[in-house]
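Dear colleague,

Here is the structure I said I would pass on. My notes follow below it.

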Amino acid sequence: MSFLEYAPAPESRAILSLRDSYGLFIDGEFVDGRGTPFQSISPASEEKIATIANANQADVDDAVAAARRAHDRVWSRMSGRDRGKYLFRIARLIQERARELAVAESLDNGKPIKESRDVDVPLVAAWFFYYAGWADKLDYAGLGANPKALGVAAQVIPWNFPLLMLAWKIAPALAAGNTVVLKPAETTPLTALLFAEIVQQADLPPGVVNIITGAGDTGAALVGHDDVDKVAFTGSTAVGRAIAKQVAGTHKKVTLELGGKAANIVFDDAPIDQAIEGIVNGIFFNQGHVCCAGSRLLVQESIHDEVVERLKTRLSTLRLGDPLDKNTDIGAINSREQLDRIRELSDAGVAEGADRWSAPCEIPENGFWYAPTIFTNVQTSNRIAREEIFGPVLSVLTFRTPQEAIAKANNTPYGLSAGIWTDKGSRILAVADQLRAGVVWANTFNRFDPSSPFGGYKESGYGREGGRHGLGAYLSPASVTSAGRGTPRAVEAAASAASADEKPARRTRRPARPAKKGAAK
Amino acid sequence: MSGTSLVTARERALAVLGGEPDDATLRRYLHGIAGVDAVGLEQRAAGLGTRSIKTSSKKWALDRIISLIDLTTLEGADTPGKVRSLVAKAMNPDPADATTPRVAAVCVYGDMVPYAVDALGPVHGDPDDGLISVAAVATAFPSGRSSLEIKLADTAEAVANGADEIDMVIDRGAFLAGRYGLVFDQIAAVKEACRRPDGTSASLKVILETGELVTYDNVRRASWLSILAGGDFIKTSTGKVQPAATLPVTLLMLEVVRDWHLMTGQRIGVKPAGGIRASKDAIKYLVTVAETVGEEWLQPHLFRFGASSLLNDVLLQRQKMATGHYSGPDYVTID
């Protein structure tokens with residue numbers, strides 16, 4: 001027997017008691033959807049997990065109306081301290097049900113249980129704990145005293161980190177006093193629906209959190225709804241662009257967190273063993289279904305061969321297979337559609353002359369799988385160096401000088417994240433300063449923390465999530481928001497009225513200085 | 001078991017270093033090796049520690065751990081009686097279960113070697129053949145603070161008494177002062193003192209005492225230095241200084257061993273020692289070895305645990321796997 005063929009160590013599914021079908025979570029209750037229900041399947045086996053309701057326009061109207069009522073009558077009037085209590089309660093319930101949530105996430109998404117257990121779910125709890133602490137401290141969010149919630153937030157999240165993206169969206173929104181209607185991705189609705197159960201368990205006032213399921217048209221109906229004040233979206237750049245067009249000219253505030261093609265820059269003095277781990281973690285974490293994945297490896301030419309050899313050795317030890325096995329490193333690709341896209345771009349890489357190498361691993365018969373793959377001999381003009389693959393595929397490029405590394409790293413329509421590997425602290429600072437990326441990791445990759453703002457440059461979106469900045473995305477300075485919702489003109493008019501009416505003493509003194517500052521810019 | 005011959009070790013060092021192993025040359029070489037990022041190293045070690053080893057894998061792992069143990073007693077109060085008791089335990093760890101493998105070696109102070117050899121009798125031999133070897137700590141263990149002459153005499157005496165393996169300590173003071181040449185020369189001299197009249201040689205384990213080197217960069221350099229100077233094994237600790245063996249330090253040393261093997265084709269052993277008390281922890285080390293240098297390292301001439309209390313915990317786990325329930329400390333013997 002080979003020791004390295006570890007005996008199966010499956011996490012038990014017994015902890016998870018799923019229903020056969022799930023409705024929409026509106027106004028504190030599960031209700032039937034009026035669209036045609038759909039199936040959620042396990043991407044590792046293609047088995048059906050549950051039937052999921054599909055929200056049509058009328059359902060979206062109901063959800064937004066419930067959120068509006070809850071905002072106006074309950075949530076916006078509640079003290080920050082009380083809102084915080086609810087959020088702390090949710091955070092604790094997430095910890096209590098952590099194992100169950102991790103199993104559900106791995107089942108529905110295909111990610112390895114060790115990631116859902118050790119990364120996703122702990123971060124979800126951390127996000128709620130973090131923003132729970134902010135709920136009664138909004139005066140310190142950087143927007144002046146007594147900032148106001150925006151109102152109803154429409155939130156649409158992707159399938160790569162279903163529950164974590166839910167937490168990134170819901171926790172700051174609720175802390176700031178907004179109510180939400182959230183739509184999880186069509187392929188991964190399960191943990192959002194379990195979260196709805198947690199919301200019930202926490203006794204959150206009805207309508208504060210509403211979760212509606214469905215495909216792209218449901219999302220479009222939600223984002224386009226007139227009574228929504230804030231749109232927060234994480235997903236593809238194409239959809240993000242459509243949303244930006246849809247909400248342009250309305251009063252809605254928008255945050256978009258979109259695609260990426262991050263450069264992971266490895267200098268010749270890097271701590272080599274840790275850099276190899278970082279490269280692996282950067283692109284093969286979550287099967288590469290990470291918008292900030294380090295999908296372009298920029299390695300100094302002098303150590304290229306050594307790095308590639310070490311990478312291949314390391315990749316050969318990765319275990320691909322059952323996401324619920326505790327020793328699995330690489331799980332399933334989330335959907336057939338995504339698998340097709342990965343294959344298409346990979347084939348394009350070969351056609352353009354790059355060299356493909358895939359780790360030797362047995363691919364299970366059912367489900368959607370893609371072996372960890374690296375491309376060498378990649379040119380900056382190749383599609384695999386330009387387009388987001390969103391899969392376990394790494395493109396290796398080389399550079400000669402720090403200037404060239406920076407130029408190549410920035411030469412992308414995206415700008416979400418980047419990594420720097422070097423033993424030289426001054427170089428970390430100098431290079432990070434010139435990278436146009438929202439997050440720059442030094443000698444690490446794919447590390448997240450609720451207190452750290454996350455977001456992109458250019459086509460990677462706008463706005464920041466996490467930290468004080470993430471809170472600010474759900475708040476307005478007191479004078480503007482007290483006007484409530486309406487057309488931009490109405491908001492403006494109301495805002496000026498409010499500033500004149502409400503706090504004349506403070507407001508009259510202020511305008512002169514900021515105006516001057518603004519002009520100077 | 002015999003170590004590599006001294007001549008080839010020195011020639012290899014000269015070839016790798018491109019010059020005489022003096023302070024300046026060694027400094028250039030050792031400081032030219034890529035650094036270690038502490039956070040990343042610890043993260044990787046923690047990741048390896050999450051492997052879930054169950055059922056048949058666990059059964060194999062427990063038996064393998066036993067056969068990799070250097071059962072150790074290094075007390076001022078050691079007596080011939082204590083050593084005989086230790087040897088009896090080493091030969092027959094679980095009297096209730098004859099299928100229990102033997103440990104790899106007993107590890108004692110130099111003056112206790114004759115008693116260990118005597119007690120082992122016909123079982124004394126190469127652990128790769130299922131026998132038990134005798135390891136002796138030498139070179140003014142644990143501090144190493146004495147003259148080279150005394151260290152060499154200490155070593156030669158243990159070898160003459162029948163020790164198969166010598167666990168020497170490096171001069172940490174010299175290492176931290178940057179006198180790499182001195183450390184190199186001392187290891188090389190001790191290696192020479194391991195030689196027997198018949199031309200064979202006792203295997204040399206070089207103890208870095210990582211708890212006193214403190215930084216991972218130091219551990220990495222000391223590992224390279226010890227291997228260059230001719231060590232057959234690199235060992236973390238004496239067990240007398242805290243922290244002793246840790247998983248990140250052992251991982252780092254395994255990475256050096258892996259790189260050395262890639263470069264020269266020579267396989268060097270690794271011995272974490274001190275502080276490994278639970279089967280669960282020992283299994284993490286097996287996983288780390290297998291996933292870093294490969295499974296072929298999981299044999300007595302390439303990997304050892306320096307431990308005393310670990311053995312009984314493994315025996316308890318072993319009994320549990322056989323019977324389905326936990327017993328207690330009175331169902332395993334003390335040595």
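In this predicted model, the axes of α4(A) and helix α5 (residues 162-175) of chain A come within 9 Å and cross at roughly 5 degrees. Angles under 35 degrees count as roughly parallel, and α4(A) and α5(A) are therefore roughly parallel to each other.

On the α4(A) side, the contact is made by Asp120(A), Val121(A), Leu123(A), Val124(A), Trp127(A), Phe128(A), Tyr131(A), Ala132(A) and Trp134(A). From α5(A) come Leu163(A), Leu164(A), Ala167(A), Trp168(A), Ala171(A), Pro172(A) and Ala175(A). By class, the residues of this contact of α4(A) with α5(A) are 15 nonpolar, no polar and 1 charged.

Next, the contact between the chains. Chain A contributes 22 residues and chain B contributes 24 residues. On the side of chain A that touches chain B, α4 (113-134) and α9 (272-284) of chain A each supply at least two residues. The largest share of that side, 5 residues, comes from α9(A). The residues on the side of chain A that touches chain B divide into 9 nonpolar, 7 polar and 6 charged.

Last, the annotation. An unreviewed UniProt entry carries "domain: Aldehyde dehydrogenase" for residues 31-477 of chain A. Over residues 31-477, chain A is 41% helix and 16% strand, and the end C-alpha atoms of this stretch are 36 Å apart.

Regards

Technical notes
Residues are numbered from 1 along each chain as its sequence is written. Chains are lettered from A and ligands numbered from 1 in the order in which they are written. This is a predicted model: local features need pLDDT of at least 70, side-chain atom pairs count only at pLDDT 80 or more; totals for chains, interfaces and linings use all residues. Two residues are in contact if their C-beta atoms, placed from the backbone, lie within 7 Å. Helices (H or I, at least four residues) and strands (E, at least two) are DSSP runs, numbered from the N terminus. Ala, Val, Leu, Ile, Met, Phe, Trp, Tyr, Cys and Pro count as nonpolar, Asp, Glu, Lys and Arg as charged, and the others, Gly among them, as polar. Axes are lines fitted to C-alpha atoms, for helices over the stretch in contact, and angles run from 0 to 180 degrees between N-to-C directions. Angles under 35 degrees count as roughly parallel, over 145 as roughly antiparallel, 65 to 115 as roughly perpendicular and the rest as oblique. UniProt positions are given in the numbering used here, feature names are shortened, and annotations may be inferred rather than shown by experiment.
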